[in-house]
Amino acid sequence: QVQLVESGGKLVQAGGSLRLSCAASGRTGDVSTMGWFRQAPGKEREFVADTNRWVGGTNYADSVKGRFTIFVDNRKNTVYLQMNSLKLEDTAVYYCASKKSYALGPTNYDFWGRGTQVTVSS
């Protein structure tokens, strides 16, 4: 089992920045790819970004390209999501996820965190 715990969500003004963190514990040897998803009220969960912690590479949803950056600190088993130029539509619960697969993309995630709330105000 892998446990994922997100942190860093809060209320922020539009145009501002925020960094989310997600720490993995447990069988971290089963964690190859780590990603972020989000779910806004009344909407389905959607993919935001992911990265492979061993070979690098990143993948972003079109809606966040150029504004969000995902990166990993392997010593801490932690993945981060740096969010800049935040928009009202970025308001959502952000979830961290991990998978054993090296393939980037929104499918086949094995483990999920409980989420952290990000609210962007005008």
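Biologist: Among contacts between residues at least 6 apart in sequence, what share joins residues at least 24 apart?
Modeller: In the protein chain, 58% of those contacts do. Contact here means heavy atoms within 4.5 Å. This is a predicted model, where local features need pLDDT of at least 70, side-chain atom pairs count only at pLDDT 80 or more, and totals for chains, interfaces and linings use all residues. Residues are numbered from 1 along each chain as its sequence is written, and side-chain values use heavy atoms, with hydrogens and water left out.

Biologist: How many helices and strands are there?
Modeller: The protein chain has 0 helices and 11 strands. Both are DSSP runs numbered from the N terminus: helices are H or I with at least four residues, strands are E with at least two.

Biologist: And what is the radius of gyration?
Modeller: The radius of gyration is 13 Å, close to the 14 Å from the globule rule for 122 residues, so the chain is as compact as a globular protein of that length. The radius is taken over C-alpha atoms, and the rule is 2.2 Å times the number of residues to the power 0.38.

Biologist: What percentage of the residues is buried?
Modeller: Buried residues make up 48% of the 122. Buried means under 20% relative accessible area, exposed over 50%, and partly exposed in between (1.4 Å probe, protein chains only).

Biologist: Switching to pairing. Which strand pairs with strand 1?
Modeller: Strand 1 (residues 2-7) pairs with strand 3 (residues 18-26), antiparallel, over 6 bridges. Two strands pair if DSSP finds at least two bridges between them. E6 has C22 in strand 3 as its bridge partner.

Biologist: How many bridges join strand 3 to strand 8?
Modeller: There are 6, and those two strands run antiparallel. Strand 8 covers residues 78-83. S21 stands opposite Y80 there.

Biologist: Now salt bridges. How many in the whole structure?
Modeller: The search finds 7. A salt bridge is a side-chain nitrogen of Lys or Arg within 4 Å of a carboxyl oxygen of Asp or Glu.

Biologist: Which residues meet D30 in salt bridges?
Modeller: R27 meets D30 at 3.0 Å, N to O. K100 also forms a salt bridge with D30, the closest N and O atoms being 3.5 Å apart. K100 lies in the loop between strand 9 (92-99) and strand 10 (111-112) and D30 in the loop between strand 3 and strand 4 (33-39), so this pair ties together parts that are 70 residues apart in sequence.

Biologist: Is D30 buried or exposed?
Modeller: D30 is buried, at 17% relative accessible area. R27 is exposed at 53%, and K100 is exposed at 52%.

Biologist: What about D90, which residue does it bridge to?
Modeller: D90 bridges to R67, with the closest N and O atoms 2.7 Å apart. D90 sits in the loop between strand 8 and strand 9 and R67 in the loop between strand 6 and strand 7, so the pair ties together parts that are 23 residues apart in sequence. D90 counts as buried at 0%, and R67 is buried at 10%. Salt bridges that share partners join R38, E46, R67 and D90 into one network.

Biologist: Where is V64?
Modeller: V64 is in the loop between strand 6 and strand 7 (68-73). V64 counts as buried, at 0% relative accessibility. Leaving aside neighbours within four places in sequence, V64 is in contact with R38 and V48.
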